Amino acid sequence: MKLKLPFIIIFIICANTYAQEYAFGVKGGINNNKIGTLYQRAYNNEPAINHQPNKELGYQLGAYVTGEFGIFFVQPEFNYVTFNNNYELPRSKAQWKTSKLEIPILAGVRLLKPLRIYFGPSFNFYNDTELEGVQVTSYSDGGPDLDKNTMSLNFGIMLRYNRFGIDLRFEQATNTTEEELLDIIYSDYGTNLADLKPYQASSLRLSIFIDILRTDMKLSDLFRKKYCACPYD
């Protein structure tokens, strides 16, 4: 992943060098995240249980640069994203938390004046993933111990009006995690040893955005209805 970062930067510069119009903006929104099943092993005369994760809302903040080529566009982004889930274990709820810095490189096409579709890869740099109650013992080294650098694919649709817009995106990881044995504090959560089953992470994300700087509009035009900004005419 370290080798890919200079390539990403060079690609962004080259792609936008030939653009007809540019925009720089900021965005923010919410998301939910899919993770794997937690299989609670039988213990102390208690049966084995499959715990399905419960989705919770996370948030995202970021910035983007859009380069226009007629009806086509390229949009590199830099985002900070948090993900939250939980497992309802027998004695207590165990929270799952993680976050990442990501660099999506998106390419798309304008279908109608306000409507665009796009796709593209995202290069992800994860922080530590935490599941409450997991401890370091002879059975496990804590965790979940997941890959820190990954790639995912994005597919989405966005609507624009003036400088503003809304973006609905589906993200799918390209890698599958490995099964991992976790040792959980039994006295607090009612679970002793549990297997985190393999999965491909995915998320559904909704955000709003605003162009701060654009080559086809003055800042004083921000709220003028005559400007549609879709596309940059």
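Predicted model: local features only at pLDDT ≥ 70, side-chain atom pairs only at ≥ 80, totals over all residues.
Five strands make up an open sheet, arranged in the order 3-2-14-13-10 with antiparallel pairing. Its edges are strand 3, covering 49-51, and strand 10, covering 134-135, each of which pairs on one side only. Strand 10 is joined to strand 13, residues 180-184, by two bridges in the antiparallel sense. Within this pairing, Gln135 has Asp183 of strand 13 as its bridge partner.

Rolling a probe the size of a water molecule over the atoms shows where empty space is left. In this model, two cavities of 30 Å³ or more are counted. The largest cavity holds about 290 Å³ of space. Its lining consists of 25 residues, and those nearest the centre are Tyr126, Leu146, Thr150, Tyr199 and Ala201. At least two lining residues come from each of strand 7 (93-110), strand 8 (115-126), strand 11 (149-161), strand 12 (164-173) and strand 15 (202-214). By class, the lining of the largest cavity comprises eight nonpolar, 13 polar and four charged residues.

The second largest cavity has a volume of about 60 Å³. It is lined by Lys27, Gln60, Leu61, Gly62, Asn79, Glu102, Asp167, Arg169, Arg205 and Ser207. Two or more of these residues are given by each of strand 5 (58-69), strand 12 and strand 15. Strand 5 provides the largest share, three residues. In this second lining, one residue is nonpolar, four are polar and five are charged.

The peptide bond from Gly143 to Pro144 is cis, its omega being near 0 degrees.

Asn44 is not a glycine, yet has a positive phi of about 55 degrees. Asn45, likewise a residue other than glycine, has a positive phi near 65 degrees. Asn44 counts as exposed because its relative accessibility is 52%, and the cut-off for this class is over 50%. Asn45 is also classed as exposed, with a relative accessibility of 85%.

Notes: Residues numbered from 1 in each chain as written. Heavy atoms only, no water. Pairing = 2+ DSSP bridges. Helix = DSSP H or I, 4+ residues; strand = E, 2+ residues; numbered from the N terminus. 1 Å grid on protein atoms, 1.4 Å probe; cavity = no way out; pocket = protein on both sides within 12 Å on 5 of 7 lines; lining within 4 Å. Points joined across faces, edges and corners; volume = space filled by probe spheres on them. Nonpolar A, V, L, I, M, F, W, Y, C, P; charged D, E, K, R; others polar. Buried < 20%, exposed > 50% of the residue type's maximum accessible area, 1.4 Å probe, protein only.
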